Amino acid sequence: MEPSELRPILNQLKEHNIAYALGGSGLLYGLNRIDSVNDWDLAVDCPKETLIQAIRDYDWIEQSSGDFPFASEYRISIASPNIDFIGGFALRSGEATVRMPIRIRRQWNGINVSSPEVWYVAYYLMGRTSKANLLLDYLKRHPSAVDAEAVSYFLNAEGLQEDIQEELRSLVG
């Protein structure tokens, strides 16, 4: 899968003033942490109806936002080019719900890319340790890439366990 496949849909998001950030395996691929992408995860910040209007020319389906720990507002998928839109991206941490903000620190091939800290926390809460560790390792090796505001956001979020808070604190010294 090539990022150029996203261009027409990203143009639709821009036309409808929808804030988005590429995350998941697309983020890992863009950071050269993995060799291929299975699907494109795009976190969006808009009402579901606004997204549906923007992608009305595509065949889409609404998916379940998932069981615990998933707590996003909605999830909509387009089979080709295999995109998952995650609206109001959020995960549960114990009894708390942690919202994953759209934080854009850079672009990759003209695509807004999420702060790695957001997906580090997300993968951690999903129990996807190997992917979380890839991002943590990247952040430790590239301290200038650390988004201190994102780290602060998560340190102030209710419900995160002490071990992930310690890792986040270590990123900002």
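Y29, W40 and W108 form one aromatic cluster. The model is predicted: local features need pLDDT of at least 70, side-chain atom pairs count only at pLDDT 80 or more, and totals for chains, interfaces and linings use all residues. Residues are numbered from 1 along each chain as its sequence is written, and side-chain values use heavy atoms, with hydrogens and water left out.

A search of the whole structure finds six aromatic pairs. Rings of Phe, Tyr and Trp (its six-membered ring) pair if their centres lie within 6.5 Å; planes under 30 degrees apart count as stacked, over 60 as edge-to-face and the rest as tilted. Y120 and Y124 form a tilted pair, 6.5 Å centre to centre with 50° between the planes. Both lie in helix 4, four residues apart, about one turn of the helix. Helices are DSSP runs of H or I, at least four residues, numbered from the N terminus.

Buried means under 20% relative accessible area, exposed over 50%, partly exposed in between (1.4 Å probe, protein chains only).

| Residue | Relative accessibility | Class |
|---|---|---|
| Y120 | 3% | buried |
| Y124 | 26% | partly exposed |

Helix 4 spans residues 116-126 and is mostly covered, with 10 of its 11 residues buried. Just after helix 4, G127 takes a positive phi of about 80°.

The largest nonpolar core has 53 residues; L51, F85, M100 and W119 have the most contacts inside it. Helix 4 gives the most to this core, with eight residues. Such a core is a set of buried Ala, Val, Leu, Ile, Met, Phe, Trp, Tyr and Cys residues joined through side-chain atoms within 4.5 Å.

Technical notes. Helix = DSSP H or I, 4+ residues; strand = E, 2+ residues; numbered from the N terminus.
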